[in-house]
Amino acid sequence: MRGLNWGCGPVDVWPEGWTGSDIEDFGQEHVGNILNGLPWNDGTFDVVHSQHALTQLPFAGLRYAIDELTRVLAPGGVIRLEDADPAKAFKAYQLGNESWFPNGDESVSLDEKFCAWMNWFSTRQSIITKWYAMQLLQETGEYVVVSNLPVTPGLPGLGDRPDESWRVSAMKR
């Protein structure tokens, strides 16, 4: 099995068969912006995983990014997307649940925690719902949405932010 962890961020130990890609250099195999294309051939990977990376892209680039991840995924492969869930944040905010927000600073107001979370301390460029991610996958015409897998097989330590995330998994036709 060959997997791509796109938007990988810092990873201490790379499991066998996994490749990292990020716009920043954390020592992974590929450093570059997905909006400039990925360097791999069509169908290189059996699994593509992205956690909390799509929201770092400009909204206008989301379709291209999904198309590029689709291109490098082999037929029968699985794509797994996970990102910040604005619906969960709004619910926590409406309920006044300050402890939901992982800002860690008890001295700031609920409003400040909510605003900081929504733009993830000025790094988010897009807000994406689970349903919009599913729409983007379906619009490629390449996927069947199969489930919300709890973790990405073979890539321990990822998929560990369920309280603040949505997840979508799909199989490429």
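Q: How many bridges join strand 1 to strand 2, and do they run parallel or antiparallel?
A: This is a predicted model. In it, 4 bridges join strand 1 to strand 2, residues 18-22, and the two run parallel.

Q: Which residue of strand 2 stands opposite Trp 6?
A: Ser 21 does.

Q: Which way do the residues of strand 1 point?
A: Strand 1 spans residues 3-6. Gly 3 and Asn 5 point one way, while Leu 4 and Trp 6 point the other way. In a regular strand, side chains alternate between the two faces of the sheet.

Q: Are those residues buried or exposed?
A: Buried, all of them.

Q: Switching to helices. At what angle do helix 1 and helix 4 pack?
A: About 55°, with the axes 10 Å apart. Helix 1 is residues 62-72 and helix 4 is residues 130-139. An angle of that kind makes helix 1 oblique to helix 4.

Q: Is the crossing of helix 1 and helix 4 left-handed or right-handed?
A: Right-handed.

Q: Which residues make the contact?
A: From helix 1, Leu 62, Arg 63 and Ile 66. From helix 4, Tyr 132, Gln 135, Leu 136, Leu 137 and Glu 139.

Q: How many of the contact residues are nonpolar, polar or charged?
A: The contact of helix 1 with helix 4 has 5 nonpolar residues, 1 polar and 2 charged.

Technical notes: Residues numbered from 1 in each chain as written. Predicted model: local features only at pLDDT ≥ 70, side-chain atom pairs only at ≥ 80, totals over all residues. Heavy atoms only, no water. Axes fitted to C-alpha atoms, helices over the stretch in contact; angles between N-to-C directions. Parallel < 35°, antiparallel > 145°, perpendicular 65-115°, else oblique. Left-handed = near helix turned anticlockwise from the far one by under 90°. Contact = heavy atoms within 4.5 Å. Nonpolar A, V, L, I, M, F, W, Y, C, P; charged D, E, K, R; others polar. Buried < 20%, exposed > 50% of the residue type's maximum accessible area, 1.4 Å probe, protein only. Pairing = 2+ DSSP bridges.
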